[in-house]
Amino acid sequence: MKVKKIPLRMCTGCMEMKPKKELIRVVKSKDDELSIDLVGKKPGRGAYVCRNVECLEKSFKTKRLSRNLETSISQEIYDDLRKAVELG
């Protein structure tokens, strides 16, 4: 029996490699629109954050999330992310 490889991604907050399914993906589309991708299938440049409020705040404070997406992140997207993290 073949063991299925689990894709790992780095959280922009704690900088730890974690399974992709445990993280929330933020996507920047070709039109420079930011959105939250809970499924992980939307096209565009993605950055990942743990489902943890501390990681989200650290990522936002150090501007790693905006650096990875190569754009500035509005307060509205940050608030939506925070809601998604708090819901689990």
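## Helices, salt bridges and a nonpolar patch

Glutamate 86 and arginine 82 sit 4 residues apart in helix α3, about one turn of the helix. The model described here is a predicted one. An α-helix has 3.6 residues a turn, so residues three or four places apart point the same way. The side chains of glutamate 86 and arginine 82 form a salt bridge, 3.3 Å from N to O. Glutamate 86 counts as exposed because its relative accessibility is 52%, and the cut-off for exposed is over 50%. Arginine 82 is partly exposed, at a relative accessible area of 26%.

Is alanine 84 buried or exposed? Its relative accessibility is 14%, so alanine 84 counts as buried. Leucine 38 is 46 residues away from alanine 84 in sequence. In space, the C-alpha atoms of alanine 84 and leucine 38 are 8.7 Å apart.

**Salt bridges**

How many salt bridges does the structure hold? There are 5.

| Salt bridge | Distance, N to O |
|---|---|
| Aspartate 37 and arginine 25 | 2.9 Å |
| Glutamate 86 and arginine 82 | 3.3 Å |
| Lysine 28 and aspartate 32 | 3.7 Å |

Take the salt bridge between aspartate 37 and arginine 25, at 2.9 Å. Aspartate 37 belongs to strand β4 (residues 34-37) and arginine 25 to strand β3 (residues 23-28), so the pair ties together parts 12 residues apart in sequence. Aspartate 37 is buried, at 3% relative accessibility. Arginine 25 is buried too, at 9% relative accessibility.

Lysine 28 has aspartate 32 as its salt-bridge partner. Where does lysine 28 stand, buried or exposed? Its relative accessible area is 13%, so lysine 28 is buried. The cut-off for buried is under 20%.

**Helix α1**

Helix α1 runs over residues 53-61, and Cys55, Leu56 and Ser59 are buried there. Which side do they take? They span an arc of only 100 degrees around the axis, so they fall on the same side of α1. The buried residues of α1 pack against β5 (45-50), α2 (64-69) and α3. The face turned away from the buried side carries the exposed residues Glu54 and Lys61.

Next come the two ends of the helix. Asparagine 52 caps the N-terminal end of α1. A side-chain oxygen of asparagine 52 lies 2.9 Å from the backbone nitrogen of glutamate 54. After α1 comes lysine 63, with a positive phi near 60 degrees.

**A nonpolar surface patch**

Which residues make the nonpolar surface patch? They are Ile6, Leu8, Met10, Met15 and Met17. One of its members, methionine 17, lies in strand β2 (residues 17-19). Methionine 17 counts as partly exposed, at 49% relative accessibility.

Notes. Residues numbered from 1 in each chain as written. Predicted model: local features only at pLDDT ≥ 70, side-chain atom pairs only at ≥ 80, totals over all residues. Heavy atoms only, no water. Buried < 20%, exposed > 50% of the residue type's maximum accessible area, 1.4 Å probe, protein only. Patch = residues over 30% accessible without salt bridge, like charges linked within 9 Å, V, L, I, M, F, W, Y side chains within 5 Å. Areas by Shrake-Rupley, 256 points an atom, 1.4 Å probe, with all protein chains shown as cover. Salt bridge = Lys/Arg side-chain N within 4 Å of Asp/Glu carboxyl O. Arc of directions from axis to C-beta. Contact = heavy atoms within 4.5 Å. Polar contact = N/O pair within 3.5 Å; in protein donor to acceptor, adjacent residues only side chain to side chain.
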